[in-house]
Amino acid sequence: MKNFDVIIIGAGHNGLAAASYLSKKGKKVLVVEKNQNVGGLAEYSDSLNCVSPIIKKELNINVTNVDKTTHIVSLEDNQNHTVLEDNNGKLSFLKTNAEEEDQQKFLSIINNYKLFSKTLGSFMFQQPPRVKSGKKSDLFQLISMGWKIRKLGKKNMRELLRIIGLNIADDLEDNLSNNNLMGLLSHEAVLGTNLGPRSPGSILTLLYKQATNNNIFNLKKIEVAEYIKQLEDCCNKNMVEIIKSSEVKKILTQNNSVTGVQLTNGEVFESKYLMSNADPKTTYLNLLGAEILDTDFIRRVKNFRNKGNVAKLELVLENEININNIDKNMYGKFIYAPNIKYIEHAFNANKYNKYSDNPCLEFYVNQNTISANVYYVPYLLNSHHEENKIIKRCVSILSKFIPEMKIAKQELTTPNKMEEKFNIGGGHWHHGDLEIDQLLMMRPFYGSSQYSTPINGLYLCSAGTHPGGGLTGINGLNAAKKVIEELK
Ligand SMILES: Cc1cc2nc3c(=O)[nH]c(=O)nc-3n(C[C@H](O)[C@H](O)[C@H](O)COP(=O)(O)OP(=O)(O)OC[C@H]3O[C@@H](n4cnc5c(N)ncnc54)[C@H](O)[C@@H]3O)c2cc1C
């Protein structure tokens, strides 16, 4: 039976980041991946704004900027689209029907959010502190968090504390009058979450996203496939063993400590240290099994909210794609979320596990292909998606802006299909909702934060841990650092 220093379940980008780090430190690492290809949900990601600078430095990841997509196009039914240019984080309007005053206010709201998210930014890349641990390092981190917020000054600190639990719709309606601009910012706040623009906490998700991506509009600055390849190369260079097309069936334990994993084909690998890149709920309930967890802990696992609601639509057209009223040199990230009311209506259906006839879209165009995130398409428990109906609705929305659409190929991947392919419960973008009670030192939930679990030797390293999803790799890196500490 083969024995390893550390076994990692799953080769999502976080699993690969963890494996790279551990192997660079001389550890013998095995990664078991269910699918033929590594990268997990990154397969559906179009935009990658910035890989964490810590990952780049510590793993020698050297991804080149593609830098070709600097435009954000917010589509309007009346074809008066808004086009923004993002010049290294500095936004300017290239085209809009918003009044000059609204444009200025919009940019000023973004600058305010930028200031607040910078304060949060310093916490994103670290392991979150533990309250009441009695450790000096945790206390120091908590004090430093408080100090960074205090350093904003009285006025800004009050404003941050005022808006942090607010819904984005209220803040935007207080300041702006242009519906399209309000729709655009609301879209960025709610995409990938289980919130609508009127849900409390939707400003926090926007600040959070801005803090991890260093930008409010996550654009395509780096090729996702290149990032994943470099992580895999880094693993290979450091002799990580990656077994593909193999699924872990069970985490093996003895006396509340990890002893190894058993695969679905019966094969067993031994290790005292195990990291799970699967989502927290799946890790505890399916791979570990509830029988060795206490009742209160199981209740917390079950209460972790992880219903995904973003589907991926890939369209291949026979003809080249032209968007009405937009010059080709302004193409970039397209968004159809025309106003707050429209997004909120789509969200209302989602609350009842239904999909709206009028979904929101975010998409990229490449000559004759469209790759779109469609929301809200809720994960369904006891029924199935009417895929053709959803595709038809999306095509009907797209055809308002693309005069000729001869479809050669179409494919919709729903959250249910994502769950089936990657074992990610709920098919959730972040492996679990990003809401105030599931963030920072509370992520995923009390008793399992800071990448640890109640089982000795078992660690979590997926998007379900701090700082959540997206392609930062920080979850994997922080979890690996924790294991290195333990191994010492
Ligand atoms: C539709 C969609 C679009 C997105 N677009 C973007 C975007 O544009 N930009 C962005 O930054 N983020 C985007 N995201 C979010 C981002 O892709 C995810 O947050 C991120 O990829 C999660 O990475 P991870 O490594 O934590 O987990 P995952 O990528 O989910 O990896 C988990 C891995 O574990 C494997 N696994 C699970 N169970 C087992 C088992 N029992 N045995 C073996 N292997 C197992 C899975 O097969 C998978 O490979 C998007 C997400 C979705 C759903």
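**Exercise 1.** Determine which residues of H7 meet which residues of H8, and how the two helices are oriented.

*Solution.* Start with the contact itself, where two residues are in contact if their C-beta atoms, placed from the backbone, lie within 7 Å. By that criterion Glu188, Ala189 and Val190 in H7 meet Ser202, Ile203, Thr205, Leu206 and Lys209 in H8. The residues of this contact divide into 4 nonpolar, 2 polar and 2 charged, where Ala, Val, Leu, Ile, Met, Phe, Trp, Tyr, Cys and Pro count as nonpolar, Asp, Glu, Lys and Arg as charged, and the others, Gly among them, as polar.

The model is a predicted one, in which local features need pLDDT of at least 70 and side-chain atom pairs count only at pLDDT 80 or more, whereas totals for chains, interfaces and linings use all residues. Residues are numbered from 1 along each chain as its sequence is written.

Next, take the geometry: helix H7 (residues 179-190) and helix H8 (residues 202-213) pack at an angle of about 75°, with their axes 7 Å apart. Axes are lines fitted to C-alpha atoms, for helices over the stretch in contact, and angles run from 0 to 180 degrees between N-to-C directions. Helices (H or I, at least four residues) and strands (E, at least two) are DSSP runs, numbered from the N terminus. H7 and H8 are therefore roughly perpendicular to each other, a term that covers 65 to 115 degrees.

**Exercise 2.** Trace the pairing of strands S7 and S8, and then that of S8 and S9.

*Solution.* Strands pair if DSSP finds at least two bridges between them. Strand S7 (residues 248-254) and strand S8 (residues 257-263) run antiparallel and are joined by 6 bridges, and Lys250 has Gln262 in S8 as its bridge partner. These two strands form a hairpin with 2 residues between them, and Asn255 in the turn has a positive phi of about 50°.

Continuing from S8, 3 bridges join that strand to strand S9 (residues 268-270), again in an antiparallel arrangement, with Val268 in S9 as the bridge partner of Gln262. The hairpin of S8 and S9 has 4 residues between the strands, and Gly266 takes a positive phi near 95° there.

**Exercise 3.** Locate the cis peptide bonds from Tyr375 to Tyr376 and from Arg443 to Pro444.

*Solution.* The bond from Tyr375 to Tyr376 is cis with omega near 0°, and Tyr376 has its place in the loop between strand S14 (369-375) and helix H13 (387-398). The bond from Arg443 to Pro444 is cis with omega near -5°, and Pro444 lies in the loop between H14 and strand S16 (458-460).

Key
Angles under 35 degrees count as roughly parallel, over 145 as roughly antiparallel, 65 to 115 as roughly perpendicular and the rest as oblique.
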